[in-house]
Amino acid sequence: MTLEDTPTGQNSDVMVLQVENLSIDAVTPKGVTHLVQNISFEVRENEVLGIVGESGSGKSLTMLAVLGLLGPNLKIVSGSIRLRGREVTDLSFEEMQKLRGKAMSIVFQDPLTTLNPVLRIGKQIGEAVQLHNPDYSKDQVKARVIELLTLVGMPNPEKRYSQFPNEFSGGMRQRVVIAIAMANEPDLLIADEPTTALDVTIQAQVMNVLAEVRERTGAAMVLITHDLGLVAENADRIAVMYAGRMMEEAPAKEIFERPTHPYTAGLIASLPQLDHRVEELYSIPGFVPDLSNRPSGCVFHPRCAIGGKRPPCLEKRPELAPAGEGRRVACHFHEETAAWRDEQMRKMAAPENTAVAHDGPRKNALLIAENLEKTFDVRGGLWSKQKLHALKDVSFELQAGTTLGVVGESGCGKSTLAKVMLRLLEASGGEVYLNGKKFFSHRGPSLRRARKNLQVVFQDPYSSLDPRMKIHEIIAEPLRINGGYSADRVNELLAHVGLTPEAGLRRPPEFSGGQRQRIAIARALALNPDVLILDEAVSALDVSIQAQVINLLKDLQAELNLTYVFISHDLSVVRHISDEVAVMYLGRVIEAGKVDQVFDAPAHPYTKALLDAIPKPDRDEAVERFTAEGDLPDPMRPPTGCKFRTRCPLAREACKGEDPELIARDGTDHPSACLFPLTRDAVPA
Amino acid sequence: MPKFNLSQATAVTLLAIMVVLIIIVPLLPGYDPYKQDLGGALLPMGGENFRGDFYLLGTDTLGRDMLDRLALAGQVSALIGLSAVMVSLFIGVTLGLIAGYFRGPVENVIMGLADLQLSIPRVLLLIAVTAIIGPSVTNLALLLGLTSWVAYGRVARGMTLSLREREFILSARTQGSTATWNIRKHLLPNVLPQMLIVGSYEFGMIIVMEASLSYLGLGVQPPLPSWGMMVSEGQNYLALAPHLAILPSIALFILVAGFQFLSQAFTRENELELVA
Ligand code: SF4
Ligand code: SF4
């Protein structure tokens, strides 16, 4: 196996971690469930192994087993785990404790729950240092902590030393967690979804920090994530897991171009693309199997486009076997994957000019937002009240049957925008016109009647359905409120989203996230709305399920001539689904235009930074990334002038004085709020 | 895993004893809590009178069967407890939902009322009011109910505060639902199970309160018995016939403990449901 192009550029054959034939069972009163079956992989010095999988794939469980942190009902039933050649599965808890932190350490997804809220940061890192260096003096510990904080790129380490976790932003907290993990220079770093809770610009910063500390210490890393792009960019090799089994192992750089397992190929075909439009996403049918009731033969066969009902797939479990240079795959028909993939790519390729379809004579806009404002009164000190501008002068127009994508990171005001438009929050200024009529001036019963044209689907499929109601009743609710209930209509709505009437008899806890989101969509459609606001509606779903729901939304739009406001932090999804796009930052729209204009030639430095921050497997290392530095400023005290100037790599003196208007400037074909917009051909390196 | 955990098993056992006492015993032949027999007064447990009648739990100062007296007193206590819980649950849930859903001045008034209620010592208040309107079973149940809504109100308001921001209520609002609709269809069904937990805890508290008042002579009036009253009467005979005071105390303990364990078991169940 060649490791020539490891991100660190170093080569090593020294094994750090060897996992062989590992199987983990859950032992419950209802019986034994096989959660992980026969997993084998190796990690060498300096190397990054990415483990990718959807929820329930067993990826996190495998690494918890390596750390010796499996819960009480979980048992390693077979296999061996060797750390630098030393078997760890039979070590006692105390012996494992000595290894954790020293030989290997972990960075979890949520820094908020990893850090102790009542201990100063310096103390917490110091504890990790002392644990394995009990003879350090106080000063030595402190010096080491400051050194670690500097290592993870913490500005002002001396000052930060004595602060509490709540004084840190999410990205800074994750740096602290990394500092703790690196305190004793472990041989192996396990990062379990280390950036999933972070915004994309912050994710890029944190991944850089991880790469830098590893380069310094030579630690190997296992990066566990659901994000194929993230591993493809940051790992040397990738292991793909599904339903507790390893499907394929391949060099990271090749995974997008040459997946060998049908599952991997399917996943890739269901990802929306950032740099070009695709006609339709492939969606892996069905959903992840219940592990207590595994399909026979190949676990993937009920969803597989290649194997499907072929006898070997139904009968015989494919073993993970070598398939060319540095690759292993568990599939009876993996030679056929390449052809299937090529066909999918052909199908997906968008016919030219689909984007211009809506460019005809401009009809009257169906939905207009005009100068929307929202300020919150926030209690500052004891007496002072401060104003928080959550929305400032937000305007847009939308034609019937089209989609406006609203993108931005957390704190940009996109969810406030949804609530204000839906009148779940009262606007502080501005107006929304729906079908040419003022929506904001309705009161009482007339408001309740007018609402039915503007419906919403929220992000969280768990809290958006009342857990105590049956599905039929949930979908019937809008009809009952407005007095038009019929069982047939409910069944028709269920059919619209691909569910049978029988589903109506069950309750939400019996459904998976994707199914619940379908139910929420059916409910939103019940009143025949003109406009649907989709607030992060697909963000909580696994990749394969996300593609199903996106395709459903597109079909429904074509069928019912729906108009969407699609709010999301995921730029690839926005590109796929939208006609127009608005990019938000600190409550303002900072760039707007046709989706291709904005994505292909971003004018605002923030948009460009967002696009560059998204992990890409085939990033050209020669082209330098355009990055947003630091953190979002305190929204209570935004900077003067351009709100982005504290993070803008192009900021100049002039940017301090003037808050730029959202207009099209020379060299750009769409509006942006930057005094010195990037032009199509003069994108600075 | 056993089918019952410890608190469930304890609750079931204790409450089963109570069911036997206040439901089965009155159905037995010869049940008569009022029959006096001065010749057979103050019989000990398991004693017989001169006619050879057997008294499992002995007799009281007027020669009435202790078992039958205890059963009737239990019925009275349970009735008072249940009605008081129903009254306070109704008031508490209503006020709590209103406060949590509408917020603003309404909430301030209701929560102020709750604080006021808590700041007045309940026993003193009850003594004062009963002294004015006179003691009776109905008055007692009403008074106890009217003064114990705060616990329900606080929990109901707390849950409402978080539920009203949940997406299923937001989405109902965007569909044009009224406040009444949201409260009836979404808030109430989600809040009620928690209220039953509070109720089973409060039930025990109310029974104790009722016993204290009856002990002071301000509760149930003779010849209707009540456990509190029986304790207070039995006190004078502690040396001679200790069972007169001890038996009603034990009965009181079993009932109250039974409901405490029940509320604990409910809480566990609900936690499991939330985790799952
Ligand atoms: S073994 Fe068969 S069912 Fe499984 S992935 Fe390969 S082709 Fe598909
Ligand atoms: S106005 Fe200045 S600071 Fe703001 S985005 Fe443009 S270049 Fe950057």
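At 54% relative accessibility, A:Arg637 counts as exposed (over 50% is exposed, under 20% buried, and in between partly exposed, with a 1.4 Å probe and protein chains only). A:Arg637 pairs in a salt bridge with A:Asp634, with 2.6 Å between the closest N and O atoms; a salt bridge here is a side-chain nitrogen of Lys or Arg within 4 Å of a carboxyl oxygen of Asp or Glu. This is a predicted model, in which local features need pLDDT of at least 70 and side-chain atom pairs count only at pLDDT 80 or more, while totals for chains, interfaces and linings use all residues. Residues are numbered from 1 along each chain as its sequence is written, chains are lettered from A and ligands numbered from 1 in the order in which they are written, and side-chain values use heavy atoms, with hydrogens and water left out.

**Salt bridges**

- Over all chains, the count comes to 33 salt bridges.
- A:Asp634, the partner of A:Arg637, is partly exposed at a relative accessible area of 34%.
- A:Glu20 and A:Arg82 form a salt bridge with their closest N and O atoms 3.3 Å apart.
- A:Glu20 lies in strand β1 (residues 15-28) of chain A and A:Arg82 in strand β4 (residues 74-83) of chain A, so this pair ties together parts 62 residues apart in sequence. Strands (E, at least two residues) and helices (H or I, at least four) are DSSP runs, numbered from the N terminus.
- Both ends of that pair are partly exposed, A:Glu20 at 42% and A:Arg82 at 22%.
- A:Glu653 bridges to A:Lys656 at 3.7 Å between the closest N and O atoms; A:Glu653 is exposed at 59%, and A:Lys656 is partly exposed at 40%.

**Surface patch on chain B**

- A nonpolar surface patch consists of B:Val19, B:Val20, B:Ile23, B:Ile24, B:Leu27 and B:Leu28, together about 540 Å² of accessible area (Shrake-Rupley method, 1.4 Å probe, with only the protein chains shown as cover for residues).
- Patch residues have over 30% relative accessible area and no salt bridge; like charges are joined within 9 Å, nonpolar side chains (Val, Leu, Ile, Met, Phe, Trp, Tyr) within 5 Å.
- B:Val19 belongs to helix α1 (residues 6-24) of chain B and is partly exposed at 39%.

**Ligand 1**

- The residues surrounding ligand 1 include A:His261, A:Cys298, A:His301, A:Cys304, A:Cys313, A:Cys331 and A:His332 (a heavy atom within 4 Å).
- The shell has 8 nonpolar, 4 polar and no charged residues; Ala, Val, Leu, Ile, Met, Phe, Trp, Tyr, Cys and Pro count as nonpolar, Asp, Glu, Lys and Arg as charged, and the others, Gly among them, as polar.
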